[in-house]
Amino acid sequence: MERTQELFEKIEGYLANTLSKEEGIAFRKELAVNKELQVEVEKHRELHDALSDTDTLAFAEKIRKIRKEMIQEEADTTATSGFRFSSFLKIAASLVLIISLGTLLWQVSRHDSPQDLYTAYYVPYPVEDVTRGVDQKESDEFQKKYREKKYEEVSVVLEKISEDTMDERHRLYLGNSYLNIGREQDALLQFQQISDTSKYYEHASWFRALTYLKLEDTEASALILQKIITYNGIYAFNAKELLEKLEKK
Amino acid sequence: MSTTRERKIMEGIVTGDRQVIKEFYTNNYPYIRKYIIQNSGDETDAEDVFQDAIIMMYQKLKTGTLEVHSSLRTYFYAICKNIWRNRLRRNKKFVGSSDMVNAEEIDVSLLEEIEQKEREQLYQRYFLKLSHTCRELLTMVFEGKTMREISDMTEYSSGYARKKKFDCKKSLMDMIEKDSAYHELTMIKKDIF
């Protein structure tokens, strides 16, 4: 059953008993004969039941944050002093990103349709070593294909990783690959799954903003850019510049 | 049955006391981790099971339905072990080894409750993976706020708030349905009802 805004609003209205008398009669009539609709209504009902317990949700989030803190504290205690190679790689990746963006941006000023802005500001997330959840051979393979911009093939490799072992960097690569093969909604889904407590959240937010830009939803893009500016991390400067261009339109 | 120390732990969990929760983790996680890794699981499985069990204990404490007949630790380990055995069974990896089963772990009513809570926790786990904006918006929806109230509180236009609500809810449902555990739990529910 295709999920549309209209369908969701009808189901929600039915469950909350806020449909008009006529709408209610028509909906119940359809529900009585349409098995797919029955299943969909049940899914909405279960979702509402499970997520209306806001105390438990808040507790679950608290537990997740506490555990993250504990793992970080353990890592800090065991980390050796000095400059670690992995940190060096991450800084290098960030520098590559900043330089690449800077090189492209000076060309942009006169081309400011959402698509043009997207093309000007979009630089794929740079490759770091990623091995968790994939074996070394597969990891080498997808990184090589990603560097060669064979995004269709990258997505095939990464889609094989199970949800349990998929980590946040995989999601960034998969989201970027989807973006490059015209699967913007799938890209959004990957970026949205990166938690706001993650160190990759700023990257994910930047790519979400660009995905909305590509979809020409400038309002959604602007809202995310505003948050990136407030966060004041490595994307703040570009986010500010892009937001100014969007606001001039 | 509970000792003063256990009562303090239970109180700390239900009030969300960070120090108590951290100590509870430090004292109990290594045992659960070892158990799960020895029984076909990995580190991520151990983290998930431990978190789901502590959430289940929180819900029971909050509703006053926690009945501990032995020690709190034994009860908590029983929840963890039963959650893990259920997951292995769903994944067809459970072979019923005698090492895994002993009298203290078997509690039929607890098993039934675990099945029910597993679905809720699956929804909650994916909800927490949504962006902050989506979580905020859907929380207001699930709290029963009208779109007009949501629009006033978020300063989104009414049309944008409705569209955003749809996008967020659809993303959430898509994510949940992509998880194989969702389909396994759906099959179990069909078998039960």
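Start where the two chains meet a ring: select A:R67 and B:Y29. A:R67 sits over the face of B:Y29, 4.6 Å from the ring centre. A charge counts as over a ring if NZ of Lys or CZ of Arg is within 6 Å of the ring centre and within 35 degrees of the ring normal.

This is a predicted model: local features need pLDDT of at least 70, side-chain atom pairs count only at pLDDT 80 or more, and totals for chains, interfaces and linings use all residues. Residues are numbered from 1 along each chain as its sequence is written, chains are lettered from A and ligands numbered from 1 in the order written, and side-chain values use heavy atoms, with hydrogens and water left out.

**Next: B:Y25**

Rings of Phe, Tyr and Trp (its six-membered ring) pair if their centres lie within 6.5 Å; planes under 30 degrees apart are stacked, over 60 edge-to-face, the rest tilted. Both tyrosines lie in helix 2 (residues 18-38) of chain B, four residues apart, about one turn of the helix. Helices (H or I, at least four residues) are DSSP runs, numbered from the N terminus. B:Y25 and B:Y29 are both buried, that is, under 20% relative accessible area (1.4 Å probe, protein chains only).

**Then: the rings of chain A**

The whole structure has 23 aromatic pairs over all chains. Select A:F191 and A:F207. Their ring centres are 5.7 Å apart and their planes at 25°, so this pair is stacked. It links distant parts of the chain: A:F191 is in helix 10 (residues 184-192) and A:F207 in helix 11 (residues 201-214), 16 residues apart. A:F191 is buried at 1% relative accessible area, and A:F207 is buried at 0%.

Now widen the selection. Ring pairs join A:F191 and A:F207 into a cluster with A:Y118, A:Y122, A:Y125, A:F142, A:Y146, A:Y151 and A:Y173.

**Last stop: the cavity**

The structure holds one cavity of 30 Å³ or more. On a 1 Å grid over the protein atoms alone, a cavity is a set of points where a 1.4 Å probe fits but cannot get out; lining residues have an atom within 4 Å of a point. The largest cavity has a volume of about 60 Å³, the space filled by probe spheres set on the points, which are joined across faces, edges and corners.

Select A:K43, A:L47, B:Y123, B:M173, B:I176, B:E177 and B:Y182 to show its lining. Which helix supplies the largest share of the lining? Helix 8 of chain B does, with three residues.

Note on methods
On a 1 Å grid over the protein atoms alone, a cavity is a set of points where a 1.4 Å probe fits but cannot get out, and a pocket is an open set with protein on both sides within 12 Å along at least five of seven lines; lining residues have an atom within 4 Å of a point. Helices (H or I, at least four residues) and strands (E, at least two) are DSSP runs, numbered from the N terminus. Buried means under 20% relative accessible area, exposed over 50%, partly exposed in between (1.4 Å probe, protein chains only).
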